[in-house]
Amino acid sequence: MIRFDHVGKTYPGGTTAVEDFSLTIDSHASVVLVGTSGSGKTTLMRMVNRMVDPTSGRVLIDDEDVAGVDPVKLRRSIGYVMQASGLLPHRTVAENVATVPLLEGVSRRRSRSRALALLEMVGLDHRLGDRYPSQLSGGQQQRVGVARALASDPNILLMDEPFGAVDPIVRAELQKELLRLQSELGKTILFVTHDIDEAFLIGEQVVILRPGGEIAQQGTPAEILADPADDFVESFVGSGVGKRALHVDEVSGQQVVLDAGDRPVGVLREGSRS
Amino acid sequence: MSQLLEAFSWLADPTRWSGTDGIPTRLLEHLWYTALGVVVAAVIAVPIGLLVGHTGRGRGLVVALSGAARALPTLGLITLFGLWLGIGLKAPILAFVVLAIPSLLAGAYSAVESVDPRTVDAARAQGMTEWQILSRVEVPLGLPLLISGFRLAIVQVVATVMLASYIGNGGLGRFIFLGLQLQDYPQMLAGSILVVALALVLDVALRVLERLLAPRGAARG
């Protein structure tokens, strides 16, 4: 469980990224923070692994204030996927995936075999393990980024616009893959994006942010669509536009959400998901 | 032109290539002084440069100091240090250290600064300590720039080490200063040719090393 307890972040120059933000994320849930740039969403996410320290309030993981945890230890226990994959260009794909196990002193052989298994798990051929990141496509690099984040088998996965830099087709593939992985692994996912469609696709809970980290609305995608809190949310999710006139259809036992043109836009799941 | 020919025939004389004041001995002395100056400078400048590059702090100060150090005339420094430390190796080596520091410093901090900040951010977010980020990410990726700092420092010092002979030391400068005193211009010219050749050889060798040590993945990209 991750809990933001009245956190705020003001930079030394006087810029306030986040005013006063509180949110509880249950274990095994996938929560998406969505907002435009300046909404403080990335700042909030980076408070979880202490890449940013809040200037007020606390962030707690399983009721323990992260401010009291050694940042290096904390970061190794939390998976982090970033937009530009952030792979080390001078290390092979397998070495990149094995970054944290190697730092933790796991033997080279064991780290490597684990890395290769993880590559398969994220849908990559294990033979790519001996390539360098620059020899992979953008989509493949993002998959490697996900594999790396999973390498230490963390409970929490932080994802900072992980699919923001790939083309729409690859992005859709990666999103689907993430949903599959999540259904198998049941991690606690905190996902950040500016793309409301992605937010509704990935998030069981979606938190729409106004500038300064103010919560405009939070709830399941269905709740938000059914009852947008105000004009800001309405324009953000694009209600009233044809693609938000959605209906549900049952396809092979799944509640598939279709838009006005009968184009499927996502899957509704009810109840517990673990 | 005839003096140039005479210089080459001076170099071709086999008696110059042996003995305690022969070319090989002077060459080794020359290399030894260079190595001494560059190593001492590196011990001072490289850690500071890496630290400045990693933390981003003190960059302005370092740039200003490097600029000032570059402007110092080395012969003046040797004379000054010579008056202070006396005849011997200490004064010229100290001057070469001052000469080598700016290039090494610039090489070290630009090596670290050249690394994509997103790569560094990712390394930190994975849980690398600051030391691990520096030693496993920034230094390997910035290695070509770090070596090019060494190359510039070495070439500069090697070309300047002849001044060590000005206050009674060995090195290839001996031929130059001896030639000057005796008005034996072919010898002077021969000494200069040797210094220039040495600088060029070292420059090329270090450029090759830069290529070889470029990080593999980045080189292919």
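In the predicted model described here, the unreviewed UniProt entry for chain B lists residues 31-53, 60-87, 93-112, 145-168 and 188-206 under "transmembrane region". UniProt positions follow the numbering used here, feature names are shortened, and annotations may be inferred rather than shown by experiment. Residues are numbered from 1 along each chain as its sequence is written, while chains are lettered from A and ligands numbered from 1 in the order in which they are written. Because this is a predicted model, local features need pLDDT of at least 70 and side-chain atom pairs count only at pLDDT 80 or more, whereas totals for chains, interfaces and linings use all residues.

Two of the listed spans were examined individually. Residues 31-53 of chain B are 100% helix and 0% strand, with end C-alpha atoms 30 Å apart. Residues 188-206 of chain B are likewise 100% helix and 0% strand, and their end C-alpha atoms lie 27 Å apart. Helices (H or I, at least four residues) and strands (E, at least two) are DSSP runs, numbered from the N terminus. The unreviewed entry also annotates residues 27-206 of chain B as "domain: ABC transmembrane type-1".

Chain B as a whole contains 10 helices and zero strands. Its C-alpha atoms fill a box of roughly 65 × 45 × 30 Å along the principal axes. Of its 221 residues, 43% count as buried, a residue being buried if 20 or more other C-beta atoms lie within 10 Å of its own, exposed if 12 or fewer, and partly exposed in between, with C-beta atoms placed from the backbone.

The domain assignment of chain A gives domain 1 (1-77 + 155-238) and domain 2 (84-154); such bounds come from an automatic or database domain assignment. The C-alpha centres of domain 1 and domain 2 of chain A are 24 Å apart. Each domain of chain A gives 13 residues to the contact, where two residues are in contact if their C-beta atoms, placed from the backbone, lie within 7 Å. On the side of domain 1 of chain A, β7 (156-160) and α7 (168-185) are the elements that give two or more residues, and α7(A) provides the largest share, four residues.

Between the chains, 20 residues of chain A are in contact with 20 residues of chain B. The elements of chain A that give two or more residues to this side are α2 (71-76) and α4 (99-103).

The largest nonpolar core has 132 residues, and those with the most contacts inside it are Val48(A), Val97(A), Ala100(B), Leu104(B) and Ala108(B). Such a core is a set of buried Ala, Val, Leu, Ile, Met, Phe, Trp, Tyr and Cys residues joined through C-beta atoms within 7 Å. Helix α5 (residues 90-113) of chain B supplies the largest share of this core, 15 residues. Domain 1 and domain 2 of chain A both give residues to this core, so it lies between them. Beyond its neighbours within four places in sequence, Leu104(B) is in contact with residues including Ala41(B), Gly49(B), Phe150(B) and Ala153(B).

In chain A, strands β1 (residues 2-10) and β4 (residues 56-61) run antiparallel and are joined by five bridges; two strands pair if DSSP finds at least two bridges between them. Gly8(A) has Ser56(A) as its bridge partner in β4(A). β4(A) also pairs with strand β5 (residues 64-65) of chain A, in the antiparallel sense over two bridges, with Ile61(A) opposite Glu64(A). β4(A) and β5(A) form a hairpin with two residues between them, and Asp62(A) in the turn has a positive phi of about 45 degrees.
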